[in-house]
Amino acid sequence: MKNFFAHFKGDAFGGITAGIVALPLALAFGVSSGLGPTAGLYGAIFISFFAALFGGTPTQISGPTAPMTAVSMVVIAGIIAANDGSLEKALPYILTVFLLAGLFQVGLGVLGFGKYIKYIPYPVVSGFMTAIGVIILVTQILPSIGYSPKEDDAYVEKFKPEAEEIILENILKEEAGEGILVLEDFKVTIDKASQITQEDIAKESKTLAKKEASGVLGTLKVLPRALKNINWLELALALATIFIVYGFKRITTKIPSALVALVVVSGVAYGFGLGYRPIEEIPFGLPTPNFEIVTGFKLSSITPYIFTALTLALLGAIDSLLTSVVADNMTKTKHNPNKELIGQGIGNSIGSFFGGIPGAGATIRTVVNINAGGKTKLSGMIAGVMLLIITIGLGPVASKIPAAVLAGILITVGIGVMDYKGLKAIPALPKDMKIGPIKLSSEVLIMLVVLVLSSLWDLIYAVGIGLVIASLLFMKKIGDLTAKRSDVKPLKEEAWADEAGFPSNLKEEVFIKHIKGPLFFGSTSDFQQLAQQIPSTAKTVIIRLGRMQYMDQSGLYAMEDVLVDLRKQNINVLFVNLLTQPRYMMERIDIIPDLIPKEHIFKDFKTCLNWVKTNVEDEF
């Protein structure tokens, strides 16, 4: 306990500062996610506190981040759409997915996967981060110009026929669930249909309008209409926010510019009674748990989102551990990656019970904490408590913040999150592949595929496709490079030094084969030619394996095929200096002893030569 409070002053100042920095971002990420500002605040409170308490990076500050929010936004929109556009119906399923993501993170930490996160290819991360920036930038255009699709009556009007169809379809689904046969009892259906009001149709139409204009493609579709309906006050508030965020940094970086922009622009807008659109109301009082996560849902409804939850868990793990590396470099310490994943998972799991959006280690907030004096996990816990105090004490005040101000803050976040280092490197990377007439770098291809698919289609599938392409290209590259160094060519080999005294009268009958390097999928085709290219006079083949350190499954079966072919030709095969890993592989599928008896395996060439002189020379 004494060590826990050894740096209390620095931890307190660091935690309070980090908490203040986190406030505007938590509000903005909550609004952007679709669950409202409260979800962002609650996520920041619980993740910051519990990830610090149980995590493995003492100075890390955690909370909602741009990548996690972007993926959460997709999850939330998808589940709401699957629940008739009702957030109230969808909320238990949404929070359950967030809970699963946290539990998956705990599982990754317990199983020791923390050390493997570093193997995610940089082009995939680069393309994903840039796509996050593009998504945030594009999706914040509409709120920054004060355009809301569901409040545009002319636009909503177009969705009324579809809204009526959906409402009627839902009635039929309800009747099917109740066991009512529509074809036998039209009266029940007609009665229910007659109870549909214009308000019901208008509400469903607004839901459809909002859905149609969501995401990057949706925003671009509705943008021409939005530009004809700009709310100049909202645009002015967003531009003022962006100007202060960037401008105040030139004056000082000791005070968070996003917080200054939030306070100044909101204060002016509220003080002068400008008719702006405020954010959703933040409830007063302590956060309350939502137990519908475990009592009010069907497992079948979240099954399609299990892969999504795993993706959220992996993304949060990458985000957090990258921040942990930054913290290590600044503090000259070493984080515990698996413990950090457990802490992040616990934080996200508990946060989901209180309706918070998921998060991860936040680089900017962690850097602020360290620079302000934070040294232990107490600083992250204090940051969470600080946000809780602000929420309880200033919730009603925060509810007066203009939505355009948070849109402006998010635009600066979107600009900042892009991977400019990766983008700048595009012209310099070697063009190592050709697609038709176009030459380009394989790493650039991966980055662009992830960037485009993430921005225009689906973040989760884009990352999966990027990883598959990266893995395939990596295997091809390594295969090509290793094959060049690995000599498995069948004929015309130079004799090794210890073969100088090989009996000249046996050179026609005994064929010596050298394998130099691993026998794997990239070199099997050359090796398989061996059986066809052995001289017709050869009765014995010596395969020297002392430089074959590794054999994969492809190489194993290639070896088996060659040995079977040689046995059919009544050719004896002798192994010299077979190493541990290849021997183990061959013993597993009984190549040894079925095709190569143990007495045909020799420790060195000299022993093998003695056997040849005894068993082959005597025959001729």
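**Entry 1: helices and strands**

I counted 29 helices and 8 strands in the protein. Helices here are DSSP runs of H or I with at least four residues, strands are runs of E with at least two, and both are numbered from the N terminus. I noted that this is a predicted model, where local features need pLDDT of at least 70, side-chain atom pairs count only at pLDDT 80 or more, and totals for chains, interfaces and linings use all residues. Residues are numbered from 1 along each chain as its sequence is written, and side-chain values use heavy atoms, with hydrogens and water left out.

**Entry 2: the whole chain**

I looked up how much of the protein is buried. Buried residues make up 50% of the 620 residues. The cut-offs are under 20% relative accessible area for buried, over 50% for exposed, and in between for partly exposed (1.4 Å probe, protein chains only).

Next came contacts, which means heavy atoms within 4.5 Å.

Two packed helices are described by the angle between their axes and the distance between the axes. Axes are lines fitted to C-alpha atoms, for helices over the stretch in contact, and angles run from 0 to 180 degrees between N-to-C directions.

I began with α1 (residues 8–33) and α18 (residues 363–371). Their axes come within 7 Å and cross at roughly 160°. The two helices are therefore roughly antiparallel to each other. The scale is this: under 35 degrees is roughly parallel, over 145 roughly antiparallel, 65 to 115 roughly perpendicular, and the rest oblique.

The crossing of α1 and α18 is right-handed. That word applies if the near helix is turned clockwise from the far one by less than a right angle, and left-handed if anticlockwise.

I listed the residues in the contact. From α1 they include Gly 14, Gly 15, Thr 17 and Phe 29. From α18 they are Arg 365, Val 368 and Asn 369. By class, this contact has 6 nonpolar, 4 polar and 1 charged residues. Ala, Val, Leu, Ile, Met, Phe, Trp, Tyr, Cys and Pro count as nonpolar, Asp, Glu, Lys and Arg as charged, and the others, Gly among them, as polar.

**Entry 3: α12 against α20**

I turned to α12 (residues 232–251) and α20 (residues 403–417). Their axes come within 8 Å and cross at roughly 45°. So α12 and α20 are oblique to each other. Their crossing is right-handed.

On the α12 side, the contact includes Glu 234, Leu 237 and Tyr 246. On the α20 side, Gly 408, Thr 412 and Ile 415 are among the residues. The contact of α12 with α20 divides into 10 nonpolar, 3 polar and 1 charged.

**Entry 4: salt bridges**

Side chains of opposite charge can pair when their charged atoms come close. A salt bridge here is a side-chain nitrogen of Lys or Arg within 4 Å of a carboxyl oxygen of Asp or Glu. I found 5 salt bridges in the structure.

Glu 151 and Arg 277 form one of them, at 3.2 Å from N to O. This pair links distant parts of the chain, 126 residues apart. Glu 151 is in the loop between α6 (141–144) and α7 (153–157), and Arg 277 is in the loop between α13 (257–271) and α14 (292–295). Arg 277 is partly exposed at 27%.

Glu 157 pairs with Lys 160, with the closest N and O atoms 3.3 Å apart. I read Glu 157 as partly exposed at 44%. Lys 160 is partly exposed at 23%.

Lys 221 pairs with Glu 212, and here the closest N and O atoms are 3.6 Å apart. Lys 221 is exposed at 60%, whereas Glu 212 is partly exposed at 34%.

Is Ser 48 buried or exposed? It is buried, with a relative accessible area of 2%. Ser 48 is in helix α2 (residues 37–54). Leaving out residues up to four places away in sequence, Ser 48 touches Gly 43, Ile 61, Ser 62, Gly 380, Met 381, Ala 383 and Gly 384.

Pro 37 is in helix α2 too. It is buried, at 1% relative accessibility.

Val 452 is in helix α22 (residues 442–456). At 44% relative accessibility, Val 452 is partly exposed. Ala 131 is 321 residues away along the chain, and the C-alpha atoms of Val 452 and Ala 131 are separated by 7.3 Å.
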